[in-house]
Amino acid sequence: MEIVKRLLAGDRKAAARLMSLIENDASQAPRLLGALYPHTGRAHIVGVTGFPGTGKSTLVGELTKKIRAQGEKVGIVAVDPTSPFSGGALLGDRIRMQELSTDEGVFIRSMATRGSLGGLARATGDVVKVLDALGQDLIFIETVGAGQSEVEIARAAHTVVVVVAPGLGDEIQAIKAGLFEIADLFVVNKADREGAEGAVATLNYLLDMNQADGDRWRPPILKTIAIRGEGVEAVVDALKEHLGYLKESGQLELKNRERSEGEVKRIIEEALWGRLLSRLKEGEWERMMLRIADRELDPYTAAEKLLESSGDTGK
Ligand SMILES: Nc1nc2c(ncn2[C@@H]2O[C@H](COP(=O)(O)OP(=O)(O)OP(=O)(O)O)[C@@H](O)[C@H]2O)c(=O)[nH]1
Ligand SMILES: [Mg+2]
C-alpha cells in the first residue's frame, strides 16, 4: 500500500493523511491498520494525566525538547480540547508550543473529545499506532484526568504520569478520580508556588499507605517548574527507568497483551453494537426502553430479544 510505504519511510504528510483516513472512514481503517500493524510495537507510550490546568501540556512540551536533544523522535496526542497544542491558550503557551511544531522530529495530533467513550479510546489507539509506525520513539498521550474515558486512555499507556499542582488539594482529588492507582510517576508541577513540599509529603504518605509489600515499583514523586524547564530532566530519566523496569520485570509484555485484548474487545463491542442498531426497526429501541421503564418488560428479556434480532443468539 503506497501510503503505508511512505509512512514507514518517515513521510509526515502520509502520517497526517493516514490519521484522517482512519478517523473519518471506518470502512478503510481495518485495511490500513492491518498494513501498518506489523511495524508497530517499538514506541514507549507515556500517558500524562491530571486535572485541568496543572501544566500537563507545558510539561509535555518541555519533556519533548529534552528527549529531542537526546536524538529521539516524539509523538504527542492531545486528547484535550483546551490544550495549547490545539490553540485556545495564552500567547506565551502558544509560542512555547510553536517551537515544537517546527521540529521535524515531533508530530503533534489533537483528538476531539466528542463521540462515544469507546470510540475515543479506539481512535487514540489508532493514532498512536500511526505514530509508532512513523518511527516516533516516545509517544505522549495527554488527557485530562477528569472523566472515565480519559483515565482509561491514560491507563492504556506503558507509563502513566500523574501531574498535580500544589495548593489545590489535587492529591486528594486524584484519589477520588482513580488517578492515584494508575500513576507510575507523580509530578508536582508549579513548584514555584507555595505548597509544593506539602503536596510531595501528602503523596508520599498516601503511597506508604497504599503500597503493598510485593510491589517492586514505587512511583517516584518529582517536582518541576515546567514553564522554566526546571526538574524536567529528572522526569525524562524516570520515564526511561520505568521502561527499564517494565522490560526487566516482564510487565511490558503483560501490558502489551492486556492492551491488545482490550482493543479486540472494543472492536467487537463496537461492531456488534453497530450491527444490532442497524437491524432495529425505526423507534424500536425507544419503545423497548419505555416498556422497561413501565415494568412491562425486564432488561434481560429485552437484551435477549435484541440479540436475537441482530442474529447473535450466542448459540
Ligand atoms: N507558575 C507556573 N505556571 C505554570 C507552570 N507550568 C505551567 N504553568 C501555567 O499553567 C497554565 C496551564 O498550563 P497547561 O500546560 O496548559 O496545563 P494543562 O494541564 O495542559 O491544562 P489543560 O490541558 O487545560 O488541562 C499555563 O498558563 C501555564 O503557563 C509552572 O511550573 N509554574
Ligand atoms: Mg493541556
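The model is predicted: local features need pLDDT of at least 70 and side-chain atom pairs count only at pLDDT 80 or more, whereas totals for chains, interfaces and linings use all residues. Residues are numbered from 1 along each chain as its sequence is written, and chains are lettered from A and ligands numbered from 1 in the order in which they are written.

Figure 1. Seven strands, in the order β3-β2-β4-β1-β5-β6-β7, form an open sheet with parallel pairing. β3 (106-111) and β7 (221-223) stand at the edges with a single partner strand each, so one side of each lacks a neighbour in the sheet. From one strand to the next the twist averages 20°. Helices (H or I, at least four residues) and strands (E, at least two) are DSSP runs numbered from the N terminus, and two strands pair if DSSP finds at least two bridges between them.

**Figure 2. Strand β2 and its two partners.** All 6 of the 6 residues of β2 (residues 74-79) are buried, so the strand is largely enclosed by the rest of the structure. A residue is buried if 20 or more other C-beta atoms lie within 10 Å of its own, exposed if 12 or fewer, and partly exposed in between, with C-beta atoms placed from the backbone. Val74, Ile76 and Ala78 point one way from β2, while Gly75, Val77 and Val79 point the other way. Pairing with β3 is parallel and runs over 6 bridges; within it, Val77 has Arg109 of β3 as its bridge partner. Pairing of β2 with β4 (residues 138-144) is also in the parallel sense, over 6 bridges, and here Ile76 stands opposite Phe140 in β4.

**Figure 3. Strands β5 and β6 with helix α9.** β5 (residues 159-164) and β6 (residues 185-188) run parallel and are joined by 4 bridges. Val187 in β6 is the bridge partner of Val163. Helix α9 (residues 196-210) packs on the sheet, where it touches β5, β6 and β7, and its direction makes about 175° with that of β7. Two residues are in contact if their C-beta atoms, placed from the backbone, lie within 7 Å. Axes are lines fitted to C-alpha atoms, for helices over the stretch in contact, and angles run from 0 to 180 degrees between N-to-C directions.

**Figure 4. The crossing of α2 and α3.** The axes of α2 (residues 12-24) and α3 (residues 29-36) come within 8 Å and cross at roughly 140°. That angle makes α2 oblique to α3; angles under 35 degrees count as roughly parallel, over 145 as roughly antiparallel, 65 to 115 as roughly perpendicular and the rest as oblique. Leu18, Leu21 and Ile22 of α2 meet Ala29, Leu32 and Leu33 of α3. By class, this contact has 6 nonpolar, no polar and no charged residues. Ala, Val, Leu, Ile, Met, Phe, Trp, Tyr, Cys and Pro count as nonpolar, Asp, Glu, Lys and Arg as charged, and the others, Gly among them, as polar.

**Figure 5. The crossing of α10 and α11.** Helix α10 (residues 232-249) and helix α11 (residues 251-279) have axes that come within 5 Å and cross at roughly 90°. α10 is therefore roughly perpendicular to α11. Leu246, Lys247 and Ser249 in α10 meet Gln251, Leu252 and Lys255 in α11. The contact of α10 with α11 has 2 nonpolar, 2 polar and 2 charged residues.

**Figure 6. The contact between the two domains.** The protein chain is divided into domain 1 (1-39) and domain 2 (41-249), with bounds from an automatic or database domain assignment. Their centres, taken over C-alpha atoms, are separated by 26 Å. In the contact, 14 residues of domain 1 meet 10 residues of domain 2. On the side of domain 1 that touches domain 2, the elements giving two or more residues are α1 (2-8), α2 and α3. α2 gives the most, with 6 residues. By class, this side of domain 1 has 10 nonpolar, 2 polar and 2 charged residues.

**Figure 7. Two loop residues with positive phi.** Most residues other than glycine have a negative phi. Lys190, in the loop between β6 and α9, has a positive phi near 60°. Lys190 counts as buried because 26 C-beta neighbours lie inside 10 Å. Arg295, which is not a glycine, has a positive phi of about 65° and is found in the loop between α12 (284-293) and α13 (299-309).
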